[in-house]
Amino acid sequence: MLPLRIVETEREDFDEPVVEIWMENEFVGMVFWDGSATVVQIYPAGEDDVHDLDVRDLFRVLEMAEKIVDPLAFEEVEGLIQLGAGRAQAKREEQEDDWSDEDPATVELLSEFDPLAAFRSEDGEGFFPRDVADRFVRRCDELRLAVVEMEGFDLIDGELKARPGLELVVRPQPVMSAAEFYLHANATALDHLDGWPRRETLVVAFVVQQQDGETIVA
């Protein structure tokens, strides 16, 4: 059974974002805020046909979609977002200022993309425009680095606005070698990024894992 994916869209008749649910290239349904509650509409697969959906996968995308369309969802998950930001800051503080012993692939990646960050936090974490983010993941693939965490924000008037639902965490699988994992992680990151909004204000933060298992905040 093919996994479901979501695509955030803006529609003239809706004040809040609308999330479309897709199974590969087939439209399954949509989730939206009707002014008082989150509503999901599931469409038939075709004439005299229905969609067979994995229950857990459906629950997963519905939870993500609710966080995007519900205008109150940000208040509910704000603590989790702040916790995530704290973890990222802690990771960066653990890194040494001397890059002489760093993985050459990491040095090459950061040297290339550091100037392309649209915004940097006080602890140095970079936030990259959406088009740059796509190139970032593909470059990681070339350098055999794995994107293991990815989070989307809106950069508005120089301030970051967290976007619930635009998060990805990929964990190593025991059955995968390091080479298999970076391919899996980056393919997963590109697939999720493809479903994220295509607007100029969107910026993306990354955590990357080296071949030796060490992680860095880009």
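A crossing of two helices is left-handed if the near helix is turned anticlockwise from the far one by less than a right angle. In this predicted model, the crossing of α4 and α5 is left-handed.

**Helix pair**

Two packed helices are described by the angle between their axes and the distance between the axes. For α4 and α5, the angle is about 165° and the axes lie 9 Å apart. An angle over 145 degrees counts as roughly antiparallel, so α4 is roughly antiparallel to α5. The table gives both sides of the contact.

| Helix | Residue range | Contact residues |
|---|---|---|
| α4 | residues 130–142 | R130, A133, D134, V137, R138, C140 and D141 |
| α5 | residues 178–194 | Y182, L183, N186, A189, L190, L193 and D194 |

By type, the residues of this contact divide into eight nonpolar, one polar and five charged.

**Nonpolar cores**

In soluble globular proteins, nonpolar side chains tend to be buried together. Here the largest nonpolar core has 47 residues. L109, F128, F136, V147, M150, F206 and V208 touch the most other members. Helix α1 gives the most to this core, with six residues. Another core, of six residues, lies apart from it; F127, F153, L155 and V203 are among them.

M150 deserves a separate entry. Leaving aside residues up to four places away in sequence, M150 touches L166, E167, L168, A189, H192, L193, W196, V204, A205 and F206.

D57 lies in helix α1, which spans residues 55–69. Buried means under 20% relative accessible area. D57 is at 13% relative accessibility, so D57 counts as buried. Beyond residues up to four places away in sequence, D57 touches L2, P3 and L4.

How values were computed: Residues are numbered from 1 along each chain as its sequence is written. This is a predicted model: local features need pLDDT of at least 70, side-chain atom pairs count only at pLDDT 80 or more; totals for chains, interfaces and linings use all residues. Side-chain values use heavy atoms; hydrogens and water are left out. Axes are lines fitted to C-alpha atoms, for helices over the stretch in contact, and angles run from 0 to 180 degrees between N-to-C directions. Helices (H or I, at least four residues) and strands (E, at least two) are DSSP runs, numbered from the N terminus. Angles under 35 degrees count as roughly parallel, over 145 as roughly antiparallel, 65 to 115 as roughly perpendicular and the rest as oblique. Contact means heavy atoms within 4.5 Å. Ala, Val, Leu, Ile, Met, Phe, Trp, Tyr, Cys and Pro count as nonpolar, Asp, Glu, Lys and Arg as charged, and the others, Gly among them, as polar. Buried means under 20% relative accessible area, exposed over 50%, partly exposed in between (1.4 Å probe, protein chains only). A nonpolar core is a set of buried Ala, Val, Leu, Ile, Met, Phe, Trp, Tyr and Cys residues joined through side-chain atoms within 4.5 Å.
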